[in-house]
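The structure comes first, then the details.

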Amino acid sequence: MTLSRNTLRALVSRRALGASMTALALFGAAIALAIPADATSQKVRNACRDDYFRFCPAYEPDSAKMRQCMRQAGKRLSKQCIDALVDSGQVRRSNR
């Protein structure tokens with residue numbers, strides 16, 4: 001059985017896409033499992049996700065080093081992240 005060049009490209013593309021989606025799903029599950037459910041609210045995780053990846057991706061989520069890194073980022077954190085932290089009681093508005 002001989003496959004055309006276009007058929008081979010389509011198969012390779014589908015496999016690459018499938019592998020990428022699987023890796024993304026596993027990454028999401030790893031992040032969810034790494035953060036204890038009661039340690040950080042879902043609202044804070046959602047609001048601060050981009051800040052985490054921007055400033056502190058080298059640290060395990062919800063670890064002491066990650067929290068220290070986020071504190072050091074301080075005023076560079078996004079408004080939505082700071083607002084979520086304030087709403088959850090993790091920081092005071094005057095710390096902005």
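## Helix crossing

H2 and H3 are roughly perpendicular to each other (the class for angles of 65 to 115 degrees; under 35 is roughly parallel, over 145 roughly antiparallel, the rest oblique). Their packing angle is about 95°, and the axes lie 10 Å apart. Axes are lines fitted to C-alpha atoms, for helices over the stretch in contact, and angles run from 0 to 180 degrees between N-to-C directions. H3 spans residues 64-73.

Cys-48, Asp-51, Tyr-52 and Phe-55 supply the H2 side of the contact, and Met-66, Cys-69, Met-70 and Ala-73 the H3 side. Contact means heavy atoms within 4.5 Å. By class, this contact has seven nonpolar, no polar and one charged residues (nonpolar: Ala, Val, Leu, Ile, Met, Phe, Trp, Tyr, Cys and Pro; charged: Asp, Glu, Lys and Arg; polar: the others, Gly among them).

## Basis of the model

This is a predicted model: local features need pLDDT of at least 70, side-chain atom pairs count only at pLDDT 80 or more, and totals for chains, interfaces and linings use all residues. Residues are numbered from 1 along each chain as its sequence is written, and side-chain values use heavy atoms, with hydrogens and water left out.

## Chain overview

The protein chain has four helices and zero strands. Helices (H or I, at least four residues) and strands (E, at least two) are DSSP runs, numbered from the N terminus. Of the 96 residues in the protein chain, 27% are buried (under 20% relative accessible area; exposed is over 50%, partly exposed in between; 1.4 Å probe, protein chains only).

## Helix H2

H2 has 14 residues and reaches 19 Å from its first C-alpha to its last, close to the 20 Å expected at 1.5 Å a residue. The expected span is 1.5 Å times one less than the number of residues. H2 has a kink of about 55°, centred on Cys-48. The bend at a residue is the angle between axes fitted to the seven residues ending there and the seven starting there.

Val-44, Arg-45, Ala-47, Cys-48, Asp-51, Tyr-52 and Phe-55 are buried in H2. These buried residues pack against H3 and helix H4 (79-87).

## Asp-51

Asp-51 sits in helix H2 (residues 42-55). Asp-51 is buried, with a relative accessible area of 4%. Not counting residues up to four places away in sequence, Asp-51 touches Cys-56, Met-70, Arg-76, Leu-77, Ser-78 and Cys-81. Ser-78 is 27 residues from Asp-51 in sequence and 6.8 Å away in space, C-alpha to C-alpha.
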